[in-house]
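Here are some notes to read alongside the structure. Keep the 3D view open and find each residue as it comes up.

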Amino acid sequence: MRQIDSYSHILPRAYFDRMAELAKDKGAIKRWLTIPVLYDLDARLKMMEDFPDYQQILTLSSPPVEMIAGPEDSPEMARLANDSMAEIRDKHPDKFPAFVASLPMNNVPAALEEMERAITKLGAKGIQVFTNVNGRPLDDEEFWPIFDAAVNKYDVPIWMHPARGANMPDYASEKKSKFEIWWTFGWPYETSAAMTRMVFSGFFDKLPNMKLITHHMGAMIPFFDGRVGPGLDQFGSRTSDEDYEGLLKRMAKRPIDYFKMFYADTALAGGQAGLRCGLEFFSPKQVVFATDCPFDPEGGPMFIRTIPEAIDGLGLSKEDSEGIYFRNALRLLKMPCDC
């Protein structure tokens, strides 16, 4: 069956080299330096030869553009990334049918300009944001024009990737996160927190047509459907210094119904229990196939093998399987199905 990987990561070589120059702390990009498939296109194409029915929607790998470059340099970095991904798509459309635009989120006017250029001139099929902008929440009013334009002006989906580092401690008494807790559990928390901020800040009321793809199957939300459902039906009962109960009454839907408006992907490193949980919560119509390539122990091919094995082991109908593997992505990206 055709497989469209909706969340595969790349650092095009020109961008990768510039990123390495700008990164003052090479330790911050340590892992990226050890994964050739991330920045070596020939290595990626060779790897993909083993998966003939497999295609990738290109998204720029973390770290976020705005983490690497200040507001003066980030627009140039975003342009370089988008130009490079468009070039890869044009040279290898059978392998990379589309790409997602990266934006300099620490420079909103430039981000709006780059979004227009990337979508209208380069043909980007969506935009990617991270769960915070150098520590600032996405529901900060300064970022609103970006979401408004993505939905109302360009009608493109939004990819949301977690962003959190070891510099965010797990305990107030410490200065950093230990044992990579910031990644294993911090990233799902980051995604869940960003989703919650969007729900209670009224994103879906103001942008009912927003299509936002959450990385890693909606993070913590599906597993905690009871806390998100009956738990948040009591929203405000635990807070005395803000009128959250009044906010709950003004909401047009139950909180859990807003959470079900997000999309999710299958990038769960081959785990099957999480897939089952997420598919039940979001429904197969709002889940797209993704592998997180090349961030696996083998540096690229492992999750391309193991995630389909996990999906196929669920016993889904042909309709649901085709939806997850390629039809949902084609619908979101408004691309024709030549199958």
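1. Let us begin with a pocket. Helices and strands here are DSSP runs, numbered from the N terminus, with at least four residues (H or I) for a helix and at least two (E) for a strand. H9, helix H11 (225–231) and helix H12 (244–250) each supply at least two residues of that lining. The lining has 19 residues, and those nearest the centre are Thr 196, Phe 200, Arg 227, Val 228 and Leu 232. The space in this pocket is about 610 Å³.

2. A word on how to read these values. This is a predicted model, in which local features need pLDDT of at least 70 and side-chain atom pairs count only at pLDDT 80 or more, while totals for chains, interfaces and linings use all residues. Residues are numbered from 1 along each chain as its sequence is written, and side-chain values use heavy atoms, with hydrogens and water left out.

3. What is meant by a pocket or a cavity? On a 1 Å grid over the protein atoms alone, a cavity is a set of points where a 1.4 Å probe fits but cannot get out, and a pocket is an open set with protein on both sides within 12 Å along at least five of seven lines; lining residues have an atom within 4 Å of a point. Grid points are joined across faces, edges and corners, and a volume is the space filled by probe spheres set on the points.

4. Now the cavity. The count is 1 cavity of 30 Å³ or more, and the largest cavity has a volume of about 50 Å³. Its lining includes Leu 60, Ser 61, Pro 63, Gln 128 and Phe 130. Helix H4 (65–68) and strand S5 each supply at least two of the lining residues of the largest cavity.

5. Next, look at the sheet. Its 6 strands form an open sheet with parallel pairing, in the order S4-S5-S8-S9-S10-S11. Strand S4 (101–102) and strand S11 (287–288) are at the edges with a single partner strand each, so one side of each has no neighbour in the sheet. Two strands pair if DSSP finds at least two bridges between them.

6. Follow strand S8 (residues 158–161) in detail. Ile 158 and Met 160 point one way, Trp 159 and His 161 the other way, and all are buried (buried means under 20% relative accessible area, exposed over 50%, partly exposed in between, with a 1.4 Å probe and protein chains only). Strand S5 (residues 127–130) runs parallel to S8 and is joined to S8 by 4 bridges, with Val 129 partnering Met 160. S8 also pairs in the parallel sense with strand S9 (residues 212–214), over 3 bridges. Here Met 160 stands opposite Thr 214, and Ile 158 has Leu 212 as its bridge partner.

7. Helices cover parts of this region. H9 (residues 186–200) lies across S8 and S9, at about 135° to S8; axes are lines fitted to C-alpha atoms, for helices over the stretch in contact, and angles run from 0 to 180 degrees between N-to-C directions. In helix H7, Ile 146, Phe 147, Ala 149, Ala 150 and Val 151 are buried. Their cover includes H6, S5, S8, H9 and helix H10 (203–206), where contact means heavy atoms within 4.5 Å.

8. Which residues meet in salt bridges? A salt bridge is a side-chain nitrogen of Lys or Arg within 4 Å of a carboxyl oxygen of Asp or Glu, and the count comes to 17 salt bridges. One of them joins Arg 117 and Asp 83 at 2.9 Å, N to O. Arg 117 lies in helix H6 (residues 108–121) and Asp 83 in helix H5 (residues 74–91), so this pair ties together parts 34 residues apart in sequence.

9. Another pair sits within H5. Glu 87 and Lys 91 form a salt bridge with their closest N and O atoms 3.1 Å apart. These two residues are 4 residues apart in helix H5, so about one helical turn separates them. Glu 87 is partly exposed at 42% relative accessibility, whereas Lys 91 is exposed at 56%.

10. Finally, look at Asp 155. Lys 334 forms a salt bridge with Asp 155, with the closest N and O atoms 2.6 Å apart. Lys 334 is in the segment after helix H16 (318–333) and Asp 155 is in the loop between helix H7 (144–153) and S8, so the pair ties together parts 179 residues apart in sequence.
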